[in-house]
Amino acid sequence: MDDDRIFKALADPTRRMLLDRLFAQDGRTLGDLEAGVEMTRFGVMKHLRVLEDAGLVVTRRNGREKLHFLNPVPIRRIHDRWIDKYTEGPASFLAGLQRSFEEEDRSE
Amino acid sequence: MSDLSTQLYQVLLRATPEQVWEAITAPDRTRLYFHGAHVENTAEWHTSRGPDGADWGDGPVCEFDPPRRLVHEWRSAYDPELAKEPPSRVSWEIEDTGDGSCRLTVVHDRLDDSPRTARSVSGPGWGTVLDGLKRLVEEVTAP
């Protein structure tokens, strides 16, 4: 159920762009995040809400400002659950294949 | 380059605030998920020791409000290069979500003058620790 929300949140280019912007600089205000985005403030707020519901963005108050932070923990979980599992076999096979080619090159 | 001077991590745990509090303050719990570190947090002092008893960093506890809030200084004594950097601060906040779960938020800040520590704890650093903590407390509470 949590995973559904995370995948849904990630399945949108604007939301992925907002995550990238937070990765480049964390702890940003809404005003900061909407600058340079071709979208209304309301639109950006809606996207941030989806990211918050998925746990990918967490907000903190700092005086009068509301700051948005990237929370990497759910992405890590998705990575461990859905990415590691499928890449481990083929990736290690390809790494082994590459090594064997390199050894052949050297022996020639 | 990403700005890492304030880092925030949040995880939802199917456990009570008391179980989470114990998991972050009792050395026989922390050693199971915190890179083997025996971490002890009292109302006054935070101590982290390696499995062999080596100093992995200690410092004053600034806030101690069981089972809700713990704030302590962080010193990276586990690595000689990182140990040269000034202390930073780690805050643990536990919120009861009212449905048998709680939300744990970890903020590691005051890292402005400790860029090496900031890099070493970022992303997979705290991510791995909190994932291990989640597994530990949820295993204990599983029916």
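What is the mean pLDDT of chain A, and what share of its residues reach 70 or more? This is a predicted model, in which local features need pLDDT of at least 70, side-chain atom pairs count only at pLDDT 80 or more, and totals for chains, interfaces and linings use all residues. Residues are numbered from 1 along each chain as its sequence is written, chains are lettered from A and ligands numbered from 1 in the order written, and side-chain values use heavy atoms, without hydrogens and water.

The mean for chain A is 85, with 86% of residues at 70 or more; pLDDT is the predictor's confidence in each residue, from 0 to 100. Within chain A, helix 4 (residues 41–53) has the highest confidence, at a mean of 95, and helix 5 (residues 73–107) the lowest, at 72. Helices are DSSP runs of H or I, at least four residues, and strands are runs of E, at least two, numbered from the N terminus.

Now the domains. Chain A splits into domain 1 (1–71) and domain 2 (72–108), with bounds from an automatic or database domain assignment. Nine residues of domain 1 of chain A contact eight of domain 2 of chain A (heavy atoms within 4.5 Å). The two domains of chain A bury about 710 Å² between them, 69% of it on carbon and sulfur atoms; this is the accessible area (1.4 Å probe) lost on being put together, summed over both. Helix 1 (residues 2–10) of chain A gives the most to domain 1's side, with four residues. Zero salt bridges are counted between these domains of chain A (a side-chain nitrogen of Lys or Arg within 4 Å of a carboxyl oxygen of Asp or Glu).
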